[in-house]
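Here are my notes for you, point by point. Have the model open while you read.

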Amino acid sequence: MAYIAPIHRPSSVRHALRSHLLSDEEESLVLAKANRLEIWRLSDGQLSQAYSKVVNGTIVILEKLRPKDSKTDLVFVGTDRFEYFTLIWNPEMSQLDTGNPDKDPGERHMRDSQSQDRCLVDPSGRFLAMHLWEGVLTIMRLGDRKSNAMELTFMDQVRLSELFIRASTFLYTETGHPKIAFLYQSRADSGDAKLAIYRLTKDDRHTQPSSFDPDRDREYEKDMPDPSASMLIPVKPFEGEVKRHNVRNLESARAHLGGLIVVGETRLLYIDEVTKIPVESALREASIFVAWAELNVKNYLLADDYGSLHLLTLNTEGVVVTGMDVNYIGKTSRASKLVYLGDNLLFVASHYGDSQLYRLDLDSEDSSRYLQLVQTLDNIGPILDFTIMDMGNRGDEGQLGNEYSSGQARIVTCSGVHKDGTLRSVRSGVGLEDVGILADVDHCRGLFSLKSSGSPRFDVLVVSFLTETRVFRFDAQGEVEEVESYSRIVFDQQTLLAMDLPNGTLLQVTPAAATVLDAESGSLRAVWRPDRQKTIISASANPGWLLLSVDGTELVSLNLSEEIWTIRQKDIGSQDQIACIHVPPQMSGIGVVGFWSSGTVSIVDLDTLEPIHGETLRTSKDDASIPRDLALVQVLPLRVFEPTLFVAMQDGNIITFNVSPDLALSGRKRVILGMRQARFHLLPQPNGIHSIFATTEHPSLIYGAEGRIVYSAVTAEEATYICPFDAEAFPDCIAVATDSQLKISHIDRQRRTHVRTIRIGEMVRRIAYSPKEKVFGLGCIRRELVAGEELVQSSFQLVDEVLFDRVGKPFPLGSPSYTELIECVVRAEMTDSYGNPAERFIVGTSFLPDPDFGPGTDARGRMLFFGVDGDRNPYLILSHDLKGACRCLAVMEDGRTIVAGLTKTVVVCRYEETSTTTGEVTRLASYRPATYPAEITVRGNMIAIADLMKSVALVEYVPAASGGEKGTGGGGAPKLVERARHFGSVWATAVGHVEGESWLEADAQGNLMVLRRNLNGVTDEDKRRMEVTSEMNLGEMVNRIRGVEVETSPGAMIVPRAFLGTVEGGIYMFGTVAQGFQDLLLTFQARLGDVIKTAGDIEFRSYRAFRNAEREGDGPFRFLDGELLERFLDVDEATQEAICKGLGPTVEHMRNLVEELRRMH
């Protein structure tokens, strides 16, 4: 059974709009990212996310509607499964409410539109037209009355004679009658462009839709002078102009503002809406325009396919349009949508690169200041390829990660298209950025920050060692000095605790004594020492109380708020031993004690040291785990949530409890942080809450977000002790001690995706990583527009993994007579001509003959073998011509046998180097797939071939010396023998090995399938037929699947098997589910799907059901959606109990189980 969860959510923006959604006083930016809606606020010239909502469907339509007499907008959303709904903001609940859910009824018997789904809203915001099916227009409208103003009603589905529509839009009309314009071509294979304009309704009350008869209802038609025209821009009439309902003398009439601009590649055409008078202008340079936004009634912003932004200006004499000009402004990401936000701010929504916010200054005399970048929203999509550098470990190449390292994996992606091409290093977690290194120190045992007398911020750092204490002082400029004395602090012993107290005093606890000193003079205020031959083992304090453990058998509490200390002592040696102690920083008069022998934790009254409430931590008689650290803090907002008690167990588990006002413990959860005990370090945050830095072999930050506790990996592998250090020179920083260093670092307050970027400036199509050379091999394609001609050039380049920047010289490919495209890049450890291991990059290419030069060569592709020289330049060892394009490559385990997927053939060949700069390739065997190999994955001698149209086939390479399986003939020449295949029509995009005889396949419709070879089949036909063991619709097309190998602990629920990279910029972790958890999790998911509601109230089962042209499932089949399972933690406890009723395990057990799943990514 299969499991999938997002590591990096989709980041590409295909749809964006400006809307009065949250209130009538402010406009918001609404973005659609795959299956998520995001609302962004604009404040002080910056965008900040205000709200996010999941939709059970891939969003393909996003528009706004304005109900009658309403001051706010509705957002209309449509999904790829033809489900539609509106969303309205509920200010009382601060959430989006769903209305008008609908599903298009014509899906079963209509043919899809040739272009993407289109949705148009008329200028009044009340009429809506959707072009979803070829030759069909769906018309809907909002109600006219107050009682039904929010209701979207279906009017009709009308037939259109314009089948192949390129663009469409509503017009601004002076009469108020909605009109719609279509830019279309007469046939699918024709190169013409025509314009037609219709009224949307027949009657003045707008109750009867037009029949769209071209003979009777078409108001205007015209053949376009530019057959490549593909964009329509409606132009508003000038507000001060007198309405022109009828124009009697058309010969003398002139085109006024208020009409339509038809944008082509070489020409512009303006048409007056009333008189239909055309005005034509030629472009200075040809371009392909893809998006537009209105700046004002006379100026429009145009974005082209090459990432250039232009200003289209209507030249006017008063209100008369005389011509049009298009002027270049600057470079942006290649735009999917342009949204003008007002106040000279432009948002560029991009699927091909980063989305960007720009400030416009079109009046500047300096043309370089026309566009000023204000903010960037990172987008790592589309992910064309990726490689996995490590699984949260930077050890030896063969070292495996663990099942909790999948969320910490460093993944390097090929992102973006053409000029927006980048290389991105992606790692999810809490970032720890080093600010400075203080000293090289060994075996630090504690860090404590203090404020010197009169200082408002920390400026003293106390560092404790086993036999001594050292003190460092900082000035306002960040200069640091180690001092020999400070306020009579004891330097010749280990410091167990040091902290500032009220009234200008400080507390130091050593194994020998607890002392309070005057911070300015150093005079001794108070001291307590244990009896002779006894030592203080551990200490914890807040400004009012100090709790000590003496020899692990005696508890001592001291009331620090009194001038004469009140001392309470309690010997528990006869009952148990003290394992750990803690005094909450925000709760007065209580402490928490963990006990060694009994494995229990107790909340005690510090005034009497009597227990108030206790809880056993062990779950069975065989459980011998011991509490080793404690923290009772407010992690979630104080007014909404109770404090939480965290208990770090010796075996690496973290147990949490909710603490009620009467100090009762409830809501027990268990999370695995690692294999050894964690040490807690409290980090104060604003608004009276804390986060916890837990140091273990995989450090984590524990914090509150969205009403739940989050455990997130920290990019600090070696941290042993930390403390907050908010110094004047280092604001919001922490002090970090490792086994060998002491440093100051800045830490993120919560988990985010850390992305390092190299701007390549060309499309990085393929990537391979060489751990030995510590470089990435990149296959790049550059596209440029030079003097109106598009030039394409490929190259092979190297990038250093440490510097994360290009090294060496690019190796260009191709020649003037043909264009060569890089199709694939793989890395292999081969043998050089001397018999020594050598790193090699293998590049597969295809040729595109130039029609002006002829074919140029009989070859249709090449296989290139590169080495890396001492200067880190790639050098060519062998260029091997092929009779077909080399679409995909893989290397078998021996390092010399190569599998190549050509245009219609899969071949296996042997590579031998004859010298340092020469080699030869020998063809061994070949196999002809059904149509076209899209991807190849090798496991041992088994080759999985993802066919472009016919799913997956398993082919075994049988070497010459082996007879293969029974019935294959045995002996003779090497050959490729088909062992099994999936008999289905699937447009495969990627394939990867899962485990054993199971393989993961992804297709162009966003489906995932786990296919298994049936070795136990009764007949040979059964054995040749691959069976589907799991399937689900991901909603995003997967471009690449990369397998991973991890070590798992006994009893692990999920074993990570692969990472997936998608077109929308999503990275997913795929895993298999242990046998003992399958039935439980499937039932749990089914119940969650019925209870958890998303925007649009679309059923989870229908959203995740497999779907292609041949068939549609009724839900995910043996496939778990990790994102849905994790939403169990977002619902209230009553809903959790309802979900778990009759399930078997308790609510606490299911919470622990889901927390463990979330920890994996």
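1. Start with the open sheet: four strands run in the order S18-S19-S20-S21, with antiparallel pairing. (Strands are DSSP runs of E, at least two residues, and helices are runs of H or I, at least four, numbered from the N terminus; two strands pair if DSSP finds at least two bridges between them.) S18 (231-235) and S21 (278-282) sit at the edges with a single partner strand each, so one side of each has no neighbour in the sheet. From one strand to the next, the twist averages 20°.

2. A quick word on the source: this is a predicted model, where local features need pLDDT of at least 70, side-chain atom pairs count only at pLDDT 80 or more, and totals for chains, interfaces and linings use all residues. Residues are numbered from 1 along each chain as its sequence is written, and side-chain values use heavy atoms, leaving out hydrogens and water.

3. Now zoom in on S18 and S19 (residues 259-263), which pair in the antiparallel sense over five bridges. Proline 234 has leucine 260 in S19 as its bridge partner.

4. Next, hop to aspartate 605 in strand S49 (residues 600-605). Its relative accessible area is 26%, so it counts as partly exposed (buried is under 20%, exposed over 50%, partly exposed in between, with a 1.4 Å probe and protein chains only). Leaving aside residues up to four places away in sequence, aspartate 605 touches Gly589, Glu610 and Ile612 (contact means heavy atoms within 4.5 Å). The C-alpha atoms of aspartate 605 and glycine 591 are 6.5 Å apart, though 14 residues separate them along the chain.

Note on methods:
Axes fitted to C-alpha atoms, helices over the stretch in contact; angles between N-to-C directions.
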